[in-house]
Amino acid sequence: MADSTQDNRKVVLIKSLRTKNRFYALVHPDRNIRNADTVPETPPDLILGIAYPCLEDGLNDFAVIRTTFETLDLFSEDDPLREEMMEIVNDARDNLVRRLTELRDLIHENRAFFLGTDYNEFKAYTMGMINRGHQRRTLDSMMKLDVFSSVAEAEGFSDSNDLPYRYEFNEGSLVADIAALPPREFIVALFDDVLSSVLDDKNYGRKYLFDRNVFQKFIAVMFVNYATTDPIFYGINRHDYAVSGDKEMDDTPLYIAIRREIIQIEQRLVVETGVEGEFRVGAGELEGRKDHLDLIYNDVELPSQLVNEEILLGPITSLCLTAKQLKRSIDPDTMRRAQVILDDATKLVTALKRIGVLSELTVNPAED
């Protein structure tokens, strides 16, 4: 491998058109892949980095499903619009299947890596959430959601913390066998379990089932990822925010850290050459690392910038998808009103981008 001091590759954030996943990579200028570009598929010859906003992109699909379930409660069981609304759920579900399948497979194939994340800590934290549990109120507070508390309320608990959240693998999975896996394969099994929950039709009967068996799991995995990742990879430094193809990012704290991490991963892979390894990606390499393993009972401070975008986009996307369904109506007045909703949604998204709440990379859900 070339000396990193003479390496003219650039860090880019690329988006797969097939899966809608976004990954970081180091690419040579002659490949004509610019920062914030879209590609038909994730290039098979690149080492891919998973950091903000890679996992967070999936939150939008989860939020669309959840918001649609809430909207369905407004319609009677025999209302034909319910069937059309379920099309929104199924489309978002298909997106999740593609996202999670790709993440699981790329991690398993040693092609994608969580950046700044200690895999041993990731496994230890998750096992703590399986065996000891975690306070629901803390999880909701950190992620700016009410998923965990709403599940507890639906199960008859007035205080959500009376029912600690414990990650539960799907029926048929033996926790002891999964716990014995090396850290990287443990993470693969974790994503496979979330994917199995997404694929299970029984989890889409109502909002409670979806929250309990699907959404909680994905949020828990995200929470563990945050807790075991160096904060520099959160991408919330003011110099990092609003990544775009028109903005020079090479000297930002996030891109400097990503470049260093991917080069270190490449060097490890050259040394190991196919040998199974328990990667401690970036452990101790950057300032601000968490050097403890037992994180279960320590507070994790997650900045609100991490999830504000996805929490906002969920309801906006659901609203736009509903309006698009209404535009199919043969009634001219209904079609005009649906278009007004879409036009106003476009204005809202544009305004949120202008004031920096949404990234310039955010896709306007009102567009086709």
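The largest nonpolar core has 85 residues, and those that touch the most other members are Tyr24, Met129, Tyr167, Phe191 and Ile258. A nonpolar core is a set of buried Ala, Val, Leu, Ile, Met, Phe, Trp, Tyr and Cys residues joined through side-chain atoms within 4.5 Å, where buried means under 20% relative accessible area, computed with a 1.4 Å probe on protein chains only. This is a predicted model, in which local features need pLDDT of at least 70 and side-chain atom pairs count only at pLDDT 80 or more, while totals for chains, interfaces and linings use all residues. Residues are numbered from 1 along each chain as its sequence is written, and side-chain values use heavy atoms, with hydrogens and water left out.

- A second, separate core of 11 residues includes Cys320, Ala323, Ala345 and Ala366.
- Ile258, leaving aside neighbours within four places in sequence, is in contact (heavy atoms within 4.5 Å) with Val11, Tyr24, Leu115 and Phe233.

- In helix 4 (residues 136–143), the buried residues are Arg136, Leu139, Asp140, Met142 and Met143.
- Because the buried residues of helix 4 fall within an arc of 165° when seen down its axis, they line one face of the helix; the arc is that of the directions from the helix axis to the C-beta atoms.
- Just after helix 4 comes Lys144, with a positive phi of about 55°.
- Helix 11 (residues 332–354) has 23 residues and reaches 33 Å from its first C-alpha to its last, close to the expected 33 Å, a span found as 1.5 Å times one less than the number of residues.
- Buried in helix 11 are Ala338, Leu342, Ala345, Val349, Leu352 and Lys353, and the helix is followed by Gly356, whose phi is positive, near 85°.

**Cavities and pockets**
- On a 1 Å grid over the protein atoms alone, a cavity is a set of points where a 1.4 Å probe fits but cannot get out, whereas a pocket is an open set with protein on both sides within 12 Å along at least five of seven lines, and lining residues have an atom within 4 Å of a point.
- The second largest cavity is lined by 14 residues, with Ala51, Tyr52, Glu56, Asn225 and Phe233 nearest its centre.
- Of the 19 residues lining the second largest pocket, Arg166, Glu168, Arg212, Asn213 and Lys217 are the closest to its centre, and helix 8 gives the most to this lining, with four residues.

Methods: Helix = DSSP H or I, 4+ residues; strand = E, 2+ residues; numbered from the N terminus. Buried < 20%, exposed > 50% of the residue type's maximum accessible area, 1.4 Å probe, protein only.
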